[in-house]
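Hello,

Here is the structure we talked about. Please open it first, then read my notes below.

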Amino acid sequence: MAASLERYNLVPLSVTCLCARPCLPLSKKTQILPQRCSKISLRLVLNGSKAAFPVHTNSLSAMRLLITAIARAEPDRLGQEDEKEEVDKGNNFPKSEESIVETQKKGSQLTKRIVFGLGIGISVGGVVMAGGWVFTVALAAAVFVGSREYFELVRSRGITARMTPPPRYVSRVCSVICALMPLLTLYNGQIDIPVTFAAFVVAMALLLQRGNPRFAQLSSTMFGLFYCGYLPCFWVKLRCGLAVPALNTRIGATWPVLFGGQAHWTVGLVATLISMSSIIAADTYAFMGGKAFGRTPLTSISPKKTWEGTIVGLGGCIATSVILSRIFCWPTSLLSAIAFGFLNFFGSVFGDLTESMIKRDAGVKDSGSLIPGHGGILDRVDSYMFTGALAYSFVKTFLPLYGV
């Protein structure tokens, strides 16, 4: 009887024994009789029900009434459990469906990322091999799109809440000036005078505008000229300016005359290929290392980057630089190849962090949506911004001075 009360949630309001022998309490809700009693007074209520009924009868009648009450309560209890299971199943079905849709979406994004990444890699490789005007015009087009993305980030809601952006016509003029800088670099070989003149013109346009000119306008515009226009020009100086043939290159000795022969393999071409390949290796190995071993965040600017991934990326970058230096026979010293890989890695890391800082202040995830699965141009070339200047300085200044 006590087990039935506990199992079916029957709560006795009172259980009274009318015989001379006392009853022992089992719990706060139930009482059982140590011996058979002739008369029992029951007052029962089903848990969750408002109905209560008193019973004044002997033990046999009480048991019959108790069994009848239990039988009536059983269908309701089973029905409530079935209804609860159906509700739970109904709630779980959308979750499983959402997880399937989310997995399919991630797979589609990964496919797009791989396909467009391979397409970009092959296209950039062909442009770098071509050199000259082909390389410079392609770089100028990328600079124009990247500068437009930069000034859109400056005008975004996250940045304009704390500073005054430059007027839209000034940002458009700056984008055109940035696109012309690589072309002027190829034509003149130097960019110092054109950049200084362009900065002076832009500063005058900002200071003479209607209203109250702000320093934030001047600083963001000048940084845009430097970041989006001046820095990419060093890739032109590295690829097209260092036209000395790499005589020790074995690939150049067998290169077809139709494509330029051995003279096509210059120091600038070899240095550009090693530098860009090292940057790609650094990003790839850092991503893989972060996924596999990443535990310690590198910086709050980019929370997904970890120290473990950074160390793995550094090792992959240096290894790529050393392997390619053995293939191209340049640079001839192992120490110089390691130093070149070390320099490329730090240039790529701080270029990536700089763009991440701009996007964080702007409150956006990607700088644009031009490349499916990759974001904008700045999202793809941020690691190359400072690296071109560092690589050119290393080849032009450091190697001749120290000969390592």
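A salt bridge is a side-chain nitrogen of Lys or Arg within 4 Å of a carboxyl oxygen of Asp or Glu. Keep in mind that this is a predicted model. Searching the whole structure turns up six salt bridges.

First, the overall picture. The protein chain has 14 helices and five strands. It has 404 residues, and 39% of them count as buried. Its accessible surface is about 23,300 Å², with 64% belonging to carbon and sulfur atoms.

Now some of the salt bridges. Glu 152 pairs with Arg 148, and their closest N and O atoms are 3.9 Å apart. Both sit in helix α3 (residues 132-154), four residues apart, or about one turn of the helix. Glu 152 is partly exposed at 37% relative accessible area. Arg 148 is partly exposed too, at 23%. A network of salt bridges links Arg 148, Glu 152 and Arg 168.

Helix α12 (residues 334-362) holds Lys 359 and Glu 355, again four residues apart. They form a salt bridge, with the closest N and O atoms at 3.5 Å. Are these residues buried or exposed? Lys 359 counts as buried because its relative accessibility is 12%, under the 20% cut-off. Glu 355 is buried as well, at 1%.

Last, the surface. Phe 197, Phe 200, Val 201, Met 204, Leu 207 and Leu 208 make a nonpolar patch of about 660 Å². Val 201 lies in helix α6 (residues 192-207). Its relative accessible area is 35%, so Val 201 is partly exposed.

Best wishes

Definitions and conventions: Residues are numbered from 1 along each chain as its sequence is written. This is a predicted model: local features need pLDDT of at least 70, side-chain atom pairs count only at pLDDT 80 or more; totals for chains, interfaces and linings use all residues. Side-chain values use heavy atoms; hydrogens and water are left out. Patches are made of residues with over 30% relative accessible area and no salt bridge: like charges are joined within 9 Å, nonpolar side chains (Val, Leu, Ile, Met, Phe, Trp, Tyr) within 5 Å. Accessible areas come from the Shrake-Rupley method with a 1.4 Å probe; for residues, only the protein chains shown count as cover. Helices (H or I, at least four residues) and strands (E, at least two) are DSSP runs, numbered from the N terminus. Buried means under 20% relative accessible area, exposed over 50%, partly exposed in between (1.4 Å probe, protein chains only).
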